[in-house]
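Please keep the structure open while going through them.

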Amino acid sequence: MDYKQLKKYQYSELISLRKFLFLPSSSLYKTLKSLHKNAFESNERIIFYYTGPIPYDLLAHLQRVVWHVDISNYFIAICNIHPETKDQIEQVRIKYSKDSNPFELIELEIKDQTLYQTDNPPLLNPPDTMCMYPWNNMELKPNGTIRPCCVYTSPITDVSAIPVNLNDPGVFSMEKIYFSADLKKLRQQFRQGEKPAGCKKCWQEEEQGIRSDRQLYNWIRRDQLHNIDYETEDIYNLNSLDLKLGNLCNLSCRICNSTLSSSWAVETLDQVPDPVEKKQHHAYISLRQGEWPKKQLDFWSEFQKILSHLRYMQFAGGEPLMLPHHFSVLEKAVDLGYARQITLRYNTNGTQYPESVLDKWKKFEMVNLDSRVDDIGKRFEYQRNGSSWQQVLENCKKFNLQRRLNFKTQISTSVSILNVYYLPEICAWINSENFDSWWLNLLNSPKEFSITNMTPSAKKLVLEKLIAYDFGQYQNQVDVFLSIIQNSSTVDGKDFVNAIKPIDLIRNQNFSLDHSDIAHAMGYVL
Ligand code: SF4
């Protein structure tokens, strides 16, 4: 049909907007992604049509996806004659884009005569509380349990409500986990716009103004955000794994524990002389459980099956750059030709520089190396027991020399009572090096070290120093922590001292030596 109102435009087809009410929710994203161009001619348009009032969620979805795939509203036109459409276009523009142009409205009625049908209507304009993790991801913990992400409070359970564990004998099936009652319920809660209780860390952080894991993952994997059919239960959505392939680690950091670090487990067991008691100790169990990647052969055959779908793998541990199975995973992805479509993200303790892996990383779509550096110099060595600051410094410099389009370096700092007073010194070090980014996160556990549990004098000491320092480009991040400290009640410091002292005695260390100001303010004396 030749419509005279459309004569001035260049367009390839007229797209029925109504059909997206009957297609999987990712369809609109896929359509617009395929039409995306870096530059459009000024008279070029992507033209949709709809007869009658356009459902709000459909229009909002369109605006969200258009903004998301980075097409200016200027190049989107909608043929519609309903009197409310103009206002609605403006409403969704304000809510879901920063574009100053609204979609163009063409006063033209084009009827879509097609009879569409679906048994499973798409979830358009998903709730703002939506999280991609339960659709996309599984976290495999060093102790063999499985969660949708690394901050969800409880492990996924089987039909008898017992946590699934990769250490258990019996057939392991990724599909069984994906379709477990726990994960199905969680996905349903997100569809309904609820805030699941197991996600409380995310909701708390968002209330505090901290970017939660949910928001971070939705951002990091934003190319997937509208590419998921949220209304379905399809295992092919599973394209991301958080692999903690054991707890082997050379450090016993103060903020860590035996489940995540073999060094912690060994140190803890050294304090248990009785052999029977030793074997029942949780540290001993953690060491055994950390060996699941060696024992669980079913997992590896399942992994091979989903490898062609994977787009994202996170590695933590233990120390991922020491874990033998991590290297085998990379090798497999490279050998089978899937590396180019996979992004890798690491949480490393900074002590390792495995030369052998550098060439492999070049074969992946992107590698983000996130080194956990909570402090500098002697304080780093105290907080991250077993480390050498000089070694970490050299590794950071070497990794920074490798930076390129598909290799980024980040420093992450878990802000706790141990290091909050020294943020200015850490910031000065960050500024003197060449990292892509610095990320501050709030340490919640062990809670004795949380900055929400400071004595009145520690609070005063920290606030005075941090407020006086100019954190430059990181100021916004630090401001959130300042506000948390300002709004927290105070404690007497005994829990902090009781958490620090026994470990100081075992390790022949003294917190107050290199942290004298904050130690004094928290009432710590050895
Ligand atoms: S909302 Fe938070 S805790 Fe819940 S699944 Fe998403 S990232 Fe995990």
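1. A crossover counts as right-handed if, with the strands pointing away from the viewer, the path from the first strand over the helix to the second runs clockwise. In this predicted model, β3, helix α3 (residues 85-96) and β4 make up a β-α-β unit that is right-handed in this sense.

2. Strand β3 (residues 76-79) sends I76 and I78 one way and A77 and C79 the other, and all of them are buried. In a regular strand, side chains alternate between the two faces of the sheet.

3. On one count, β3 pairs with strand β2 (residues 46-49) in the parallel sense over four bridges, and A77 of β3 is the bridge partner of I47. The chain passes from β2 through helix α2 (residues 56-68) to β3 in a β-α-β crossover that is right-handed. β3 also pairs in the parallel sense with strand β4 (residues 104-106), over three bridges, where A77 stands opposite E104.

4. Elsewhere, eight strands form an open sheet of mixed pairing, in the order β6-β5-β7-β9-β10-β11-β13-β14; its edge strands, β6 (146-147) and β14 (437-442), each pair on one side only. Within this sheet, strands β10 (residues 343-348) and β11 (residues 366-372) run parallel and are joined by six bridges, with N347 partnered by D370 of β11.

Methods:
Residues numbered from 1 in each chain as written. Predicted model: local features only at pLDDT ≥ 70, side-chain atom pairs only at ≥ 80, totals over all residues. Pairing = 2+ DSSP bridges. Helix = DSSP H or I, 4+ residues; strand = E, 2+ residues; numbered from the N terminus. Buried ≥ 20, exposed ≤ 12 C-beta atoms within 10 Å, placed from the backbone.
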